[in-house]
Amino acid sequence: MSLPSKLFRSLVSIKKDLKEDIDAVFNRDPAARNSLEVILTYPGIHALILHRGAHCLWNREQKLAARVISYGSRIITGIEIHPAAKIGKRFFIDHGVGVVIGETAEIGNDVTLYHGVTLGGVSWNNGKRHPTLEDGVTVGAGAKVLGPFTVGKNAKIGSNAVVVKPVPAGATMVGSAARMISDHHDEKGNPIATKVQDAKQQEKVAQAGGSIKDQAADTTSTAKRTNTFRAYGIDPYSQDPVAEAFAKMLEHIQQSENRLDQLQSAMCDIDPNFCKKKYDKLCLEDLDVIGRADIDAADNEQK
């Protein structure tokens with residue numbers, strides 16, 4: 001094949017890839033208004049274009065030139081992508097500042113990263129050190145995905161989560177270290193059969209005396225929550241499992257204190273001197289840092 005033909009085919013491929021990248025911005029960023037604005041003012045697009053050039057040079061053993069382009073891209077955009085990193089189609093970095101993608105990272109198609117994301121390694125050894133993100137993964141702002149493991153298709157990494165182990169497809173990870181919150185997996189990441197879930201839901205509706213109409217409404221409500229826009233890898237109904245556990249513990253403590261008050265009242269009838277002995281009660285308002293009010297509000301919305 002002649003040089004002009006190769007050049008022409010390369011230009012066609014570059015134009016096609018750029019169009020897909022711009023379309024991805026419009027699909028995932030409501031603030032995007034027109035293609036010219038996206039090309040001129042979106043650092044994620046600039047970083048991706050420069051990375052493709054650097055990656056091509058890296059694969060052709062022009063490693064110094066590739067690193068120079070990568071360094072220049074970092075200065076201009078605030079996004080650092082190693083030239084050896086493999087990136088799929090329709091990749092979108094929103095805002096972009098502080099994003100770091102390591103040398104052996106692999107990113108599939110339709111992946112979204114927000115600012116402050118790190119795809120890093122935890123080893124100084126050669127070989128695979130960075131994560132692999134499969135198609136459709138969303139990583140929220142400030143999240144750190146560290147290690148040579150795989151994040152499954154359509155998984156969500158919540159903002160500021162620190163993920164250090166494999167993530168099943170479709171799961172959502174939150175917290176530091178990240179914990180899974182998923183209707184489709186157990187705590188160990190094993191898939192839960194849909195039939196079992198449906199059976200439990202039907203049994204719950206039957207016990208509550210609900211009608212078919214109520215069940216349909218509940219299904220519709222669940223579908224709406226499932227389709228909620230999750231820009232930063234987590235929807236408004238998701239809660240930190242640790243915060244929920246603390247909230248349940250506090251509720252149990254409060255119930256125990258109420259029971260102690262009843263016992264104390266009974267003892268005072270027997271021994272009046274017993275009432276002189278006081279104890280400090282736990283005040284839930286002093287521990288509002290766990291966001292119990294937010295958890296109650298979310299539970300009420302789901303009900």
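Helix H3 gives the largest share of the lining of the second largest cavity, three residues. Helices here are DSSP runs of H or I with at least four residues, strands are runs of E with at least two, and both are numbered from the N terminus. The model is predicted, so local features need pLDDT of at least 70 and side-chain atom pairs count only at pLDDT 80 or more, while totals for chains, interfaces and linings use all residues. Residues are numbered from 1 along each chain as its sequence is written, and side-chain values use heavy atoms, with hydrogens and water left out.

Stay with that second largest cavity. Its lining consists of Gly44, Ile45, Leu48, Phe91, Phe92 and Ile93. H3 and strand E3 (92-93) are the elements that give two or more residues to this lining. A cavity is a set of points, on a 1 Å grid over the protein atoms alone, where a 1.4 Å probe fits but cannot get out; lining residues have an atom within 4 Å of a point. The space inside is about 30 Å³. Volume means the space filled by probe spheres set on the points, with grid points joined across faces, edges and corners. Five of the lining residues are nonpolar, one is polar and none is charged. In this scheme Ala, Val, Leu, Ile, Met, Phe, Trp, Tyr, Cys and Pro count as nonpolar, Asp, Glu, Lys and Arg as charged, and the others, Gly among them, as polar.

The count is two cavities of 30 Å³ or more. Around it sit Ala47, Leu50, His51, Ala54, Ser70, Ser73 and Ile81. H3 has the largest share here, with four residues. By class, this lining has four nonpolar, three polar and no charged residues.

Now turn to the surface. Leu40 belongs to helix H2 (residues 35-41). Its relative accessibility is 56%, so Leu40 counts as exposed. The cut-offs are under 20% relative accessible area for buried and over 50% for exposed, with partly exposed in between (1.4 Å probe, protein chains only).

Finally, look at Arg67, a residue of helix H4. At 41% relative accessibility, Arg67 counts as partly exposed. Arg67 and Pro83 are 16 residues apart in sequence, yet their C-alpha atoms are 6.6 Å apart in space.

How values were computed
1 Å grid on protein atoms, 1.4 Å probe; cavity = no way out; pocket = protein on both sides within 12 Å on 5 of 7 lines; lining within 4 Å.
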